Amino acid sequence: QAKAIGRNTYSFFTKEMNLTMTRRFEIEGQMHGALERNEFDVYYQPQLDIQSGHITGAEALLRWHNPILGNVTPEEFIPIAEQTGLIIPIGKYVIKQALQFLSEWQNVDQQKYKMAVNFSPRQFRDNELIGFIRKSLIDTNISPQHLELEITEGVLMIGKSYIRESHLELHKLGIKLSMDDFGTGYSSLSYLRQYAFDALKIDRSFIDGITRNNEDYDLVKATIAMAHSLRLVVVAEGVEIREQLTLLEELGCDYAQGYYFSKPLTAKQLLELKYTTKP
Ligand code: C2E
Ligand code: MG
Ligand code: MG
Ligand code: MG
């Protein structure tokens, strides 16, 4: 009896492991050539100025539809793209698409919107990175201050000197740098001091609790005050309900993004969107 259970348990774990290994292997296999087959799409989620209630920009979010795997979420494929180095060409594609769209969006609405693009640690290791970004800005006629790169603190934890150097170089070019998912890692504060940041994005997990528990409310309040004293602008991620927005406005948070305003949209949908929280 005991032996039978043992054997079953063993085979159960093996199956589980095989499943994740197979999935990983399939994703990696399909990711090669996915760019050439045009399987990636960039979606855009609007960001709003809380004071005015107007859209001031958007965050570019990558989507992948593969004929065999179907839709694969960024949570699943981005880490694999990072490990394989495929994030370098894929990341360039996102920057290019996002800037091209930004140029069209600015022209259509006659407004200086900003575009935020997520940025992976591995992309810093690309020697062509700075040159590529500079050329993309020139080609699309976008000024550097309208491009924002979102970096998670995990990137900085790597602590490599090339990261520090590239970060500083991007800053000197006039590109905005924001710390994404603030509060989810550790020693975020010391990174804010060591690197030139312009903005801080409070992670959605904290915004989620502000209307329900005092700890999250106090943390968000302290984060906003701290960020402002460091002359950083603050973006709240994952705003889903009116009550969260009201509290964030009271706390002096600068920008907000979330399903309450809009989910990520296709370029076409965003061009058609006319949205404001205020008349
Ligand atoms: P992130 O940069 O923190 O992006 C915010 C995520 O929260 C997005 O998920 C967005 O769709 C989702 N979100 C926005 N508002 C709400 C809300 O009100 N409620 C909830 N529940 N979720 C909301 P998504 O698009 O699945 O992306 C997940 C992560 O994948 C991103 O987190 C980012 O770290 C990464 N990612 C996405 N696109 C790229 C990319 O082009 N390059 C890199 N390096 N990473 C990317
Ligand atoms: Mg982000
Ligand atoms: Mg985030
Ligand atoms: Mg995230």
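Guide: Let's start with the second largest pocket, whose lining splits into six nonpolar, three polar and two charged residues. Here Ala, Val, Leu, Ile, Met, Phe, Trp, Tyr, Cys and Pro count as nonpolar, Asp, Glu, Lys and Arg as charged, and the others, Gly among them, as polar. You're looking at a predicted model, where local features need pLDDT of at least 70 and side-chain atom pairs pLDDT 80 or more, while totals for chains, interfaces and linings use all residues. Residues are numbered from 1 along each chain as its sequence is written, chains are lettered from A and ligands numbered from 1 in written order, and side-chain values use heavy atoms, leaving out hydrogens and water.

A pocket is an open set of points on a 1 Å grid over the protein atoms alone, where a 1.4 Å probe fits, with protein on both sides within 12 Å along at least five of seven lines; lining residues have an atom within 4 Å of a point. Among those lining the second largest pocket are His54, Trp105, Tyr113 and Lys274. Its space comes to about 160 Å³, a volume being what probe spheres set on the points fill, with points joined across faces, edges and corners.

Now for the largest pocket, at about 1300 Å³. It has 44 lining residues, and Glu59, Leu61, Pro74, Glu75 and Asn118 come closest to its centre. By class, that lining holds 19 nonpolar, 12 polar and 13 charged residues. Seven of the lining residues, the largest share, come from β2. Helices (H or I, at least four residues) and strands (E, at least two) are DSSP runs, numbered from the N terminus.

Around ligand 1 sit 22 residues, each with a heavy atom within 4 Å of it. That shell has eight nonpolar, five polar and nine charged residues, and β2 (55-66) gives the most, with four.

Zooming in, a polar side-chain atom of Asp180 is 2.9 Å from a ligand 1 oxygen, and a side-chain N or O atom of Asp181 lies 3.0 Å from an oxygen of ligand 1. Such polar contacts are pairs of N or O atoms within 3.5 Å.

Key: Polar contact = N/O pair within 3.5 Å; in protein donor to acceptor, adjacent residues only side chain to side chain.
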